[in-house]
Amino acid sequence: MNDPPRPSHPEITVEILGSLLSETFLRDVRHFEETDSTNTQSLQLISSGNAFETPLLIYAETQSAGRGRGANTWWSQSGSLTFSIIVDVQELGISREQQPQLSLLTGLALLHTGQSLIPRGDFAVKWPNDVYLSGKKLAGILTEVPPVSPHHAVIGVGININNSFAEAPAELHDSSISLVDHSGQSLDRLEILKSFLQHIEAQFLTLARGEPVFENWAEHCLLTGKTVTIQIGPNSVSGLCRGIDDSGALLLETDRGMQRMLGGVVAEWSSR
Ligand code: BTN
C-alpha cells in the first residue's frame, strides 16, 4: 500500500507551539489538529467560565467552518496558518474607545510581518480587516468581542502561506494569493507566526502608550485614491478614499464633504 502524500510543510505540533511561550508575549497556547473555527472555540472558552491566561493562542492545523466578516467564510487549506488570540484589553492597557482599532492594528502587524519576509512585496491593508499582496487577498482578520466579557477580544487570523491558489477555482485564483504563490518557495509557518506575535505585541504597546499607530497610512491603505462604497446596514456611502485617520477611521471625500467611516463593509472599490 502506498504511503499517504507528505505535506510540503512541517506540521505545527502542540510541543512546537509551546516554544512560543518563552519567545513571545503569549501566556498560554491551545492546539487543535482540526476544529470548526478557532474564533468559535475562543468564544466558547470565554463563555464557559473556565480559567485561562491571556494572551492565549488557539491554533488549528485545519478548520472545518472557518468564519469571516459578514457572509465571508475562510477556506482553510492545508499549508495556511489559522489561529485566534484571546486578549484582555484591560490587562494590555487598551481602553474601550481604542478597542475598535484592534483589527486594523492586526492588519498592520501582518503587513510588517510580510514586509520583513519580502521587503519589496507590494503589501497593503484593506480597511478594516484584510491584508493584500500584489492586489490580491493574502490574509483575513475577524475580531469579535464577546458580550458576556467585553474586556476580552478574540482576534482571528487566517494567512495564506504554503497553500497555492494556482489550481484553485478561477474566482479564488483571481482574488486571493499566498506567499508561496508570490515567492515560489515554501516558508516556515512557525517563524511567520512568531514574527507576527512580536509585531502585534509592539503595536499593542504603542496603542497603550497613546502613541500614533496609524502613521504613513496613505502608503499602506489599499483604498487610498480609489472610489469606495461602504455598506452600513441598509445604507451606503460612496466617495473618494483619502486614507485612514489617527483613530483608524476610513476617510471618504463625498458629495457632502469628508466623512469618517468608523464601521461598515467595503461593498465596492475601483480606481478613479
Ligand atoms: C475575512 O476574510 O472576512 C476574515 C477571515 C478570518 C479567518 C480567520 S481563520 C482563524 C479564525 N477563525 C475563524 O473562524 N476565522 C478566523
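Thr 229 sits in strand S8, which spans residues 226-232 (helices, H or I with at least four residues, and strands, E with at least two, are DSSP runs numbered from the N terminus). The model is a predicted one, in which local features need pLDDT of at least 70, side-chain atom pairs count only at pLDDT 80 or more, and totals for chains, interfaces and linings use all residues. Residues are numbered from 1 along each chain as its sequence is written, and side-chain values use heavy atoms, with hydrogens and water left out.

With a relative accessibility of 15%, Thr 229 counts as buried (buried is under 20% relative accessible area, exposed over 50%, partly exposed in between, with a 1.4 Å probe and protein chains only). Its side chain makes a polar contact of 2.8 Å with that of Ser 238. Such a contact is a pair of N or O atoms within 3.5 Å; within protein, one must be able to donate a hydrogen and the other to accept it, and residues adjacent in sequence count only if both atoms are side-chain atoms. Neighbours within four places in sequence aside, Thr 229 is in contact with Ser 236, Val 237, Ser 238, Val 265, Val 266, Ala 267 and Glu 268 (contact means heavy atoms within 4.5 Å).

Another buried spot is Gly 248, at 12% relative accessible area. This glycine lies in the loop between strand S9 (235-244) and strand S10 (250-254). Again leaving out neighbours within four places in sequence, Gly 248 touches Leu 104, Trp 127 and Phe 214.

Now for the open sheet: seven strands, ordered S1-S2-S3-S7-S6-S5-S4, with mixed pairing (two strands pair if DSSP finds at least two bridges between them). Strand S1 (28-35) and strand S4 (123-126) are at the edges with a single partner strand each, so one side of each has no neighbour in the sheet. From one strand to the next, the twist averages 20 degrees. S4 runs antiparallel to strand S5 (residues 130-133), and four bridges join the two. Phe 123 stands opposite Leu 133 in S5.

Helix H5 (residues 102-117) packs on this sheet and touches S4, S5, strand S6 (136-144) and strand S7 (152-159), with its direction at about 170 degrees to that of S4. Axes here are lines fitted to C-alpha atoms, for helices over the stretch in contact, and angles run from 0 to 180 degrees between N-to-C directions. Helix H8 (residues 189-208) also packs on the sheet, touching strand S2 (56-63), strand S3 (81-88) and S7; the direction of H8 makes about 30 degrees with that of S3.

Helix H3 (residues 38-48) has a run of buried residues, among them Thr 38, Asn 39, Leu 45 and Ile 46. Their cover includes S1, S2, S3, S6 and S7. After H3 comes Gly 49, with a positive phi near 80 degrees.

Ser 37 turns up again at the ligand. In total, 22 residues surround the ligand, and the closest are Ser 37, Arg 67, Arg 69, Asn 72 and Lys 137 (a residue counts if one of its heavy atoms lies within 4 Å). A polar side-chain atom of Thr 38 is 3.1 Å from a ligand nitrogen, while a backbone N or O atom of Arg 67 is 2.7 Å from a ligand nitrogen. Lys 137 places a polar side-chain atom 2.6 Å from a ligand oxygen. The ligand taken alone exposes 410 Å², and the protein buries 100% of that (areas come from the Shrake-Rupley method with a 1.4 Å probe; for residues, only the protein chains shown count as cover).
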